[in-house]
Amino acid sequence: MRYDAIVVGAGHAGAEAALALARLGCETLLVTLDVKSVSHMACNPNIGGTGKGHLVREVDALGGQMGLNADASLLQIKMLNKNKGAAVQSLRGQTDKEVYHENMLATLRATPRLTLLEGECEDLVVREGAVKGAVVSGATYESEVVVLCTGVYLSARTITGEEIRDAGPYGFENSKNLSAALVAKGLPLRRFKTGTPARVYADSIDYSVMEREEGDYDIPCFSFLTEGKLLEQEPCYLTYTNAETHRIIRENIDRAPLYNGTIHGVGPRYCPSIEDKIMRFADKERHQIFIEPEVRGGELMYVQGMSSSMPKDVQERMYRSVKGLEKVRFARYAYAIEYDCIDPLALSPSLEVKAIRGLFSAGQFNGSSGYEEAAAQGLMAGVNAARYVRKLPPIVLRRDEAYIGVLIDDLVTKGTNEPYRMMTARAEYRLSLRQDNADARLTPLGREIGLVDDYRWEKYLARNGKKEAIRAALKRSVPLAEVRDLFESKGESASCGMTVEEMLKRASVTAADVLTFLPEELRDSDLVGEVAVEVKYGGYLGKEKRAAEDARKMEEKRLPADLDYAAMENLRIEARQKLAKVRPLTLGQASRISGVSPADVGVLITYLLKGNK
């Protein structure tokens, strides 16, 4: 009953954490309340999205599982923001939620050194400020490392109007005892809320009056290991709320748990319930509603954009007011769910709990929302828990290295008062952190850590070698006649021949336009597209690189772990309090803490220059 590591919770965070630990050689126990909930998609049946697609690509580049699992269960895939710049383009895939769950469960069960156990983690064993194990359904399991990935299960309750149940998502059992045990050990918990829309029967929908939404057939999938494109895709459908929908909601707003005081948890700002949308955006005449399949050829559809905790009778009226849903039949009503999570300011950048050595946490327990944010944190928590066991220094990704670095730094440095969602706007170096170059940025690190196996590494080297060959081929000169033919079709002018690279610098010339100027063996539209971005945005990328190098100087200036901020009289009182709470590792981290001004950073710089200890 002794393990190198114990992971509590087998959702998207827990699965990645457990796989990372086991693959790095740790005998790992993965505890779940119910194996049916392993990587279960309790909310939207899709992976990716704006900013989130970047996280999936990064998890994959480091040797994680989410990208591969998503590709094996895809029903549809799209590139969001296709008509915008490369920095904000993100993959979003509709998945078969049952296949996704089954594949991840099979992967966990087939992984050496990984044991999956059904049971409830009721307490942690902590001695002298360090974790020593966990109590699971009355039995004690010893370990020097525990990773908490409890998702939305801690003291969870689901709410549909006046109907309140002590339960986890989708009717699964909740965790009843762990919250109190964590509070007793000094962990600062808070209450958050999220929600999900109804599931309705596919044969009760009139698709003919909706807009058909197809996927993209010419784009790559999530994993860098997946060959080819997704050619068999299922459509989604778009419809809208209307004045009648809004009237029904407004007239019943006093019965909305979100507005009558029933719900106490803080909900996600960027994924509000339909009643919250109607009340907050009263000037909007309609809101988008997407009808999405949950499984291939299944009987249920997911009503994206209509999350609610309204009573069931109100839900039936407001759903049936939507065009195409007039005769819809319900299989599962929408609900809100409240749950306990930790204040992420209690965590170090390695995702270790500051107050208890060897205790790590990831996912929605850390105050984030979304499967992708959870998987990214789970991977890093698993990696750092394994390094803790091996007495190696933690891996902390910088903000200029990965969206994962931005995600974790935001949580542990700035904290969050609502479920945190990743967006491209949060990344100050987003042009450098494109999803297409995630492997170039992170696969060498994944290899160094030990998660990137020989097969992935060989694929990476081959892909990287082909990109180098494309870069060299772009230096080839093209005669004026050939240049003029292309430029005239683009409304451009040319007075002399030029290299393919110089042609690409014209705004109207795309990667597809120059494929014929390259050797046949290098005409890979995806790879040429990646190299073309480097060419077109070379100047901006250079500026980002210099800015990142300047910021790195701040990150390299470490602050003493035992620095007495209260005694630094030149710091403002608010800064002393915030610095003492977060205890930043570096000057750069200190500068990003809310409430710490540039003047306060100047005081810290002066302190370091004086060589104080």
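The structure is a predicted model, in which local features need pLDDT of at least 70 and side-chain atom pairs count only at pLDDT 80 or more, whereas totals for chains, interfaces and linings use all residues. Residues are numbered from 1 along each chain as its sequence is written, and side-chain values use heavy atoms, with hydrogens and water left out.

Strand β11 (residues 157–160) is joined to β12 (residues 163–165) by three bridges, and the two run antiparallel; two strands are taken to pair if DSSP finds at least two bridges between them. In the hairpin that they form, two residues lie between the strands, and Gly 161 takes a positive phi near 60°. Three bridges also join β11 to strand β20 (residues 335–342), again in the antiparallel sense, and here Arg 157 stands opposite Glu 338. From β11, Arg 157 and Ile 159 point one way and Thr 158 and Thr 160 the other way, and all are buried, that is, under 20% relative accessible area, where exposed means over 50% and partly exposed in between, with a 1.4 Å probe and protein chains only.

An open sheet of five strands has the order β6-β2-β1-β10-β21, with parallel pairing. Its edge strands, β6 (114–118) and β21 (359–361), each pair on one side only. The twist in this sheet averages 20° from one strand to the next, where axes are lines fitted to C-alpha atoms, for helices over the stretch in contact, and angles run from 0 to 180 degrees between N-to-C directions. Within this sheet, β1 (residues 5–8) pairs in the parallel sense with β10 (residues 146–148) over three bridges, Val 8 having Leu 148 as its bridge partner in β10. Strand β1 also pairs in the parallel sense with β2 (residues 28–32), over four bridges, and the bridge partner of Val 7 in β2 is Leu 30. Ala 5 and Val 7 point one way from β1, Ile 6 and Val 8 point the other way, and all are buried.

Two bridges join β14 (residues 199–201) to β19, which run antiparallel, and Arg 199 has Arg 332 as its bridge partner in β19.

Helix α10 (residues 403–414) has 12 residues and reaches 16 Å from its first C-alpha to its last, close to the 16 Å expected at 1.5 Å a residue, the expected span being 1.5 Å times one less than the number of residues. Of these 12 residues, 11 are buried, including Tyr 403, Ile 408 and Thr 413. The buried residues of α10 pack against α2 (52–61), α9 (371–389), α18 (573–582) and α19 (587–591), contact meaning heavy atoms within 4.5 Å. Just after α10, Gly 415 takes a positive phi of about 70°.
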